[in-house]
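How do the helices pack against a sheet, and which strands and rings pair? The report below takes these topics in turn.

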Amino acid sequence: MVAALKEQNRITELHVEKEKPFCVGDIYVGRVQSILKNINAAFVDFGCGMNGYLALDRSESFFYTRQARQGKTTCGDELLVQLEKEPVKTKLPVLNGRLNISGRFAVLVHGESGIVFSRKIRSRAFQDELRQAIVDKGLLPEHCALIIRTNAQDIEREQIYEEIRTLTDRYRKLLETAPYRTCFSCLYRGEHAFLQLIRDYPMSSDLHVVTDMREFYQELTEKLPEIPVRFYEDSRLSLTALYSLNTAFDQALGRNVWLKSGGYLVLEPTEALTVIDVNTGKCTDKHISREQHFLRTDLEAAREIAVQLRLRNYSGIIIVDFIDLESEEHMEELMQCFRQELAKDRVKAALVDMTRLNLAEVTRKRIYRPLHEAVRELNDQSDKQGE
């Protein structure tokens with residue numbers, strides 16, 4: 001299954017998902033298999049053929065369906081766990097005992113307290129007004145926190161309140177039924193990964209969806225009726241061919257990316273970090289100085305790198321070797337441009353600093369697997385099915 005985001009006539013995001021028995025957001029009744037006292041964590045069997053890693057800090061807020069010793073997590077205890085991160089290579093899936101139920105405008109979090117707003121919501125008046133209204137209406141359950149998402153500032157208040165009521169109803173039903181469910185039961189299904197992508201997209205944008213997956217079309221129209229969606233069905237031309245997705249994948253998996261000016265990027269993902277090198281290449285212009293030539297190439301590279309990080313789903317530490325600039329003013333202009341481009345990313349990405357070796361250090365939150373890993377895993381799965 002493939003999803004692509006197209007903005008201004010260019011594909012800026014690609015996501016690949018294989019068929020699997022679980023997805024991020026699923027909530028299970030898990031059983032503690034072992035305790036790692038030195039790092040205050042546990043391995044928990046959640047019934048999908050593997051154990052998950054669960055940090056035990058603030059375990060007093062976890063919801064146990066069976067506990068041998070009050071106030072202490074021990075082997076054999078059964079509790080509700082939510083899949084936070086999928087397994088990656090040799091790393092186990094990451095579980096969380098502080099459950100969350102997500103909506104488009106808000107997230108209800110078990111075991112926390114208070115009302116927290118997205119950092120992109122900067123209006124203090126909006127925050128104060130909404131916080132007071134939620135308290136006055138009694139919408140926040142005990143032992144829970146609310147995270148108000150960025151999309152909430154672009155919608156009618158009553159829609160926000162109605163969604164919070166819906167999230168609260170789901171949460172209460174979950175806790176009411178949990179003690180009567182057997183171990184390894186799945187109590188709550190996280191949303192389809194592609195539905196999460198759409199839900200997280202800014203409300204103010206002119207977003208519409210085209211899909212050839214009938215089940216996904218039905219789920220989307222049911223859960224996000226405000227999003228225009230069209231079911232594509234044409235035996236003469238596939239959706240993949242219509243949007244040239246094979247070409248987009250070939251380019252996104254390539255090592256080099258050419259810039260319009262003639263310069264190019266070299267992108268090298270490794271286990272520890274991603275390295276990006278900026279080169280002048282064929283870029284020549286006799287009418288400007290060497291410094292201006294380098295600055296122009298670097299600025300174009302900064303804009304392209306911000307897109308490539310999204311397109312390839314690179315995360316963690318990214319090191320960028322821009323072409324060296326002599327002027328401090330030009331260097332500051334480059335860094336300012338780079339910060340502004342990174343700020344457009346829906347995933348948290350930030351320019352940390354310029355190192356002593358004149359390397360730009362970027363961090364990007366890991367939410368999705370790198371595209372090359374997802375494609376390789378999908379190909380491996382196809383090869384096994386073909387054997």
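Helix α7 (residues 290-312) lies across β16, β17, β18, β19 (316-321) and β21 (360-364). It runs at about 150 degrees to β18. Helix α8 (residues 328-342) also packs on the sheet, touching β19, β20 and β21. The direction of α8 makes about 160 degrees with that of β20. Contact here means heavy atoms within 4.5 Å. Axes are lines fitted to C-alpha atoms, for helices over the stretch in contact, and angles run from 0 to 180 degrees between N-to-C directions. Helices (H or I, at least four residues) and strands (E, at least two) are DSSP runs, numbered from the N terminus.

This is a predicted model: local features need pLDDT of at least 70, side-chain atom pairs count only at pLDDT 80 or more, and totals for chains, interfaces and linings use all residues. Residues are numbered from 1 along each chain as its sequence is written, and side-chain values use heavy atoms, with hydrogens and water left out.

The sheet is open, with six strands in the order β16-β17-β18-β19-β21-β20 and mixed pairing. Two strands pair if DSSP finds at least two bridges between them. β16 (256-258) and β20 (349-354) stand at the edges with a single partner strand each, so one side of each lacks a neighbour in the sheet. From one strand to the next, the twist averages 20 degrees.

| Strands | Sense | Bridges |
|---|---|---|
| β17 (residues 264-269) and β18 (residues 274-279) | antiparallel | six |
| β10 (residues 106-110) and β12 | antiparallel | five |
| β11 (residues 114-117) and β12 | parallel | four |

Val-266 has Asp-277 in β18 as its bridge partner. In β12, Leu-146 stands opposite Leu-108, and Ala-145 stands opposite Gly-114. Strand β12 (residues 144-148) is mostly covered, with four of its five residues buried (under 20% relative accessible area; exposed is over 50%, partly exposed in between; 1.4 Å probe, protein chains only).

Tyr-217 lies in helix α4 (residues 214-223) and Phe-231 in strand β15 (residues 229-231), so the pair ties together parts 14 residues apart in sequence. Trp-258 and Tyr-264 form a tilted pair, 4.9 Å centre to centre with 45 degrees between the planes. Tyr-264 is partly exposed, at 22% relative accessibility.

Note on methods:
Rings of Phe, Tyr and Trp (its six-membered ring) pair if their centres lie within 6.5 Å; planes under 30 degrees apart count as stacked, over 60 as edge-to-face and the rest as tilted.
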